Amino acid sequence: MDVTIKKEGAQTLVTLVGRLDTTNADQFQKDITPLMQDENPDIVLDCTDMEYTSSQGLRMFLLLQKSVSSRGGKMVMTNMKSQVKEVFDITGFSNIIKIL
């Protein structure tokens, strides 16, 4: 999983490329940890090139969502592929995380 993080005005844009699974979940957690401590809690996750997420990936997204919400921010995931969205729908994460 390649992660690119850019500040764009009042938001942080996170671009996700590849697969998020047990082999790279620890690195992904390290990548997003600064976002959980940032004073700007509004985050857009661009999932255009995200191919897959495992349960560990879902856990990381949930941790980030909780952190953002606790600081009064908003997190949205955009451009999600249908096979990835299906995982979010089946697990109920579509009801927790805003997906555009």
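Student: In this predicted model, which residue in S4 is the bridge partner of Ile 43?
Tutor: Start from strand S3, residues 43–53, which pairs with S4 in the parallel sense. Four bridges hold that pairing. The bridge partner of Ile 43 in S4 is Met 75.

Student: Through which helix does the chain cross from S3 to S4?
Tutor: The two strands run parallel. The crossover between them is a right-handed β-α-β crossover. Its helix covers residues 55–70 and is H2.

Student: Which residues of S4 point the other way from Met 75 and Met 77?
Tutor: S4 spans residues 75–78. Met 75 and Met 77 point one way. All four side chains are buried, including the two that point the other way, Val 76 and Thr 78.

Student: What is the bridge partner of Val 76 in S5?
Tutor: S5 covers residues 98–99 and runs parallel to S4. Two bridges join these strands. In S5, Val 76 has as its bridge partner Lys 98.

Student: Which helix makes a β-α-β unit with S4 and S5?
Tutor: S4 and S5 are parallel strands. With the helix of residues 82–91, they make a right-handed unit. That helix is H3.

Student: Where does Asn 79 lie, and what is its phi?
Tutor: Asn 79 lies in the loop between S4 and H3. Most residues other than glycine have a negative phi. Asn 79 is not a glycine, yet its phi is positive, at about 55°.

Student: Is Asn 79 buried or partly exposed?
Tutor: Buried would require under 20% relative accessible area. Asn 79 has 46%, so the class is partly exposed.

Student: How many salt bridges does a search of the whole structure find?
Tutor: One of them joins the side chains of Lys 7 and Asp 38. Another is formed by Lys 81 and Glu 51. The search finds four.

Student: How far apart in sequence are the parts that Lys 7 and Asp 38 tie together?
Tutor: Their side chains meet at 1.9 Å, N to O. Lys 7 lies in strand S1, residues 2–8, and Asp 38 in the loop between H1 and S3, so the pair ties together parts separated by 31 residues.

Student: Is Asp 38 buried or exposed?
Tutor: Asp 38 touches Lys 7, Thr 12 and Arg 71, leaving aside residues up to four places away in sequence. The cut-off for buried is under 20% relative accessible area. Asp 38 has 17% relative accessibility, so this residue counts as buried.

Student: In which strand does the salt-bridge partner of Lys 81 lie?
Tutor: The partner is Glu 51, with the closest N and O atoms 3.9 Å apart. The pair links distant parts of the chain, 30 residues apart. Lys 81 is in the loop between S4 and H3, while Glu 51 is in strand S3.

Student: What is the relative accessibility of Glu 51?
Tutor: Lys 81 counts as partly exposed, at 25%. Glu 51 also counts as partly exposed, and its value is 38%.

Student: In which helix do Asp 89 and Lys 85 both lie?
Tutor: Their side chains meet in a salt bridge at 2.7 Å, N to O. Asp 89 is partly exposed at 41% relative accessibility, and Lys 85 is partly exposed at 29%. The two are four residues apart, about one turn of helix H3.

Definitions and conventions
Residues numbered from 1 in each chain as written. Predicted model: local features only at pLDDT ≥ 70, side-chain atom pairs only at ≥ 80, totals over all residues. Heavy atoms only, no water. Buried < 20%, exposed > 50% of the residue type's maximum accessible area, 1.4 Å probe, protein only. Pairing = 2+ DSSP bridges. Right-handed = clockwise from strand over helix to strand, strands pointing away. Contact = heavy atoms within 4.5 Å.
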